[in-house]
Amino acid sequence: MNKNKRCIVLFICLILMMLLLMVINILSGSVGIGAKDIAGIMMRRDVSSVNGKILFDIRLPRIIEAIFLGGALALSGYLLQTFFLNPVAGPYILGISSGAKLFVAVLMVCALKAGFSMNSLMLVIAAFIGSLIATGFVLTVSIRVRSMSVLIVCGVMVGYICSAITEFIVTFADDTNIVNLHNWSLGTFSAAGWNDACIYIPIVVIGIAAAVLMSKTIEAYGFGENYAGSLGINIYGFRVLLIIVSSVLSATVTAFAGPVSFVGIAMPHVARHLFRSEKPLMIIPASFLLGSVFCLLCDLLARSMFSPTELSISTVTAVFGAPIVISMMIGRRSENV
Amino acid sequence: MSEIVFENVRVGYNGIPIVENVSFNADKGKITALIGPNGAGKSTILKTAAGLLKQIDGSVYIRNKSIGSYSPKELYSILSVMMTDRVKTKFMTSYDVVRVGRYRYTGIFGGLSETDKSVIKECMELIGVWDLKDKDYSTLSDGQKQRVLLARSIVSQPGILIMDEPASFLDMGRKIEFFDALTKLVKEKEIAVLISMHEVELIRKVADKVICLSGSGGIDAMGDAEELIRPEYMEQLFGMKKGKYEEYFG
């Protein structure tokens, strides 16, 4: 009973933090708009004034993006960790985000060259294909070597290769339109507007629903493949499903916000320790909320620390995320001995 | 009634046989033990009997029906498995670990009905781990962990239980606790148990029937524990120098 209470309190805290960060994010920016003005604009749904435009076209979409894509990233990481039966896994560190990034960059540049316009759904599909190819590579390695550390090194290398190629493409595709592409390829929540939100929100919601429906099997699978098989679970089908849902989520994030580091690997870990639980039904929403809150916070810092210069989101997430991952690996090491 | 029947089965991985000509049966309410040196194929036979590995040829029957004709759902509603995989959890109570064994019965999100709860309680009490239910599983001793896993493997109310060296890394006292729980369980629930074990010195008390696997890929002898567990034979089976068995166990 005590444990449940604690979890409810934690969930309420997370939601309050999210609301607080939303308010701070709305209030802060290079153009100072007072809280009263903002309230007025919100009440009147005034989209035509300059301040209204800043609010509805720049700040709000950015907040929504950080909430949904940050959460999606954490969830994607959680599913990957389930897949590998190892908490040290995530879409960025395994090179999956970079694979997605490469495919999106290629599609964008081709589209610019050929002069056809593309919509955000095409970007998501390109990112999905890229992430599946990167995942496929990582899986091939994982069949040959059973060591998670080798797998992570491979993933990081795949990430470097993909980033190098992306960088190359972006540098030499000297189009003025490519400026945005450069920002995006480093990771940012500033690129997507409301039209994009209409694409990614449904995808993320479906992803959450799928994860929740899989929660019972996720828990059983956590005891190992053999055991899960002996409960009558179709291991092969379940693993394919895990990879697809995880890839769709991380691909969606990459398509709109570029590669964002360390959210997927670190947030599920923080969720487990904060809630002192491994129940998927608890950790799925907890990871999602933590991902949202973390990305809102990092985005705020990325915008405001050196304003008006903006940092890329990955710079900030890495500063907080990497130490968490290091402590996680040290913790595991000492346990395994 | 024989719950598991092997007829001239060849078991192995990827078409490469490890043990040939395996024929035996395991009966209801009895403990059938596989013994033999490391690498003799005990685990391979157990995996085949559990449906986790397909036999290369020959027939395996579970309750007089070929194992291949069962759907996973059907098979694992009568058969339960306790393999050597160590459970790595961090924030799960013993109760949570046992609860997962009810997988087949629980709701879509794993919710427990009153029946589920009472079965879990009954099984945990039978094994003597009910008082550990709120303890964090990762903080338990090895002996307690193994008994919790034993409880987990019977909450699905199986007719057959397959276990791979469940007591190997326990100390003597915990081994005896574990086998006490197991024999009590078999008596009470009339389960057919197929188990591999290294505790030759305990086998007479534990097993009703012993199957001895030789290191050369076949069944060497089979029968009553009293008759088989003799110094000369053990020395031969495990490749010991003459007189060593008596010297250490006698």
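Biologist: Quick one to start: does B:Arg102 count as buried or exposed?

Modeller: In this predicted model, B:Arg102 counts as buried, because its relative accessibility comes out at 2%.

Biologist: And which side chain does B:Arg102 meet in a salt bridge?

Modeller: The partner is B:Asp116, and the pair meets at 2.7 Å, taken from N to O.

Biologist: What about B:Asp116, buried or exposed?

Modeller: B:Asp116 counts as buried, because its relative accessibility is 2%, and buried here means under 20%.

Biologist: How many salt bridges turn up over all chains?

Modeller: A search of the whole structure gives 20 salt bridges over all chains. Another of them is formed by the side chains of B:Asp96 and B:Arg99, with an N to O distance of 3.2 Å.

Biologist: Where do B:Asp96 and B:Arg99 lie?

Modeller: Both residues belong to helix α3 of chain B, residues 94–100, and they are three residues apart, which is about one turn of the helix. B:Asp96 and B:Arg99 are both buried.

Biologist: Now helix α10 of chain B, which residues pair up there?

Modeller: Helix α10 runs over residues 244–249 and holds both B:Lys244 and B:Glu247, again three residues apart, or about one turn of the helix. Their side chains meet in a salt bridge at 3.6 Å, N to O.

Biologist: How accessible is B:Lys244, and how accessible is B:Glu247?

Modeller: B:Lys244 counts as partly exposed because its relative accessibility is 31%, whereas B:Glu247 is exposed, with a relative accessible area of 54%.

Biologist: Changing topic, which residues gather in a patch of negative charge on the surface?

Modeller: The patch brings together B:Asp208, B:Asp224, B:Glu226 and B:Glu227. One of these, B:Glu227, lies in helix α8 of chain B, which covers residues 225–228.

Biologist: Why does B:Glu227 count as exposed?

Modeller: B:Glu227 counts as exposed because its relative accessibility is 56%, and the cut-off for that class is over 50%.

How values were computed
Residues numbered from 1 in each chain as written. Chains lettered and ligands numbered in written order. Predicted model: local features only at pLDDT ≥ 70, side-chain atom pairs only at ≥ 80, totals over all residues. Heavy atoms only, no water. Salt bridge = Lys/Arg side-chain N within 4 Å of Asp/Glu carboxyl O. Helix = DSSP H or I, 4+ residues; strand = E, 2+ residues; numbered from the N terminus. Buried < 20%, exposed > 50% of the residue type's maximum accessible area, 1.4 Å probe, protein only. Patch = residues over 30% accessible without salt bridge, like charges linked within 9 Å, V, L, I, M, F, W, Y side chains within 5 Å. Areas by Shrake-Rupley, 256 points an atom, 1.4 Å probe, with all protein chains shown as cover. Lys, Arg positive; Asp, Glu negative; His and termini not counted. Charge placed at Lys NZ, Arg CZ, Asp CG, Glu CD.
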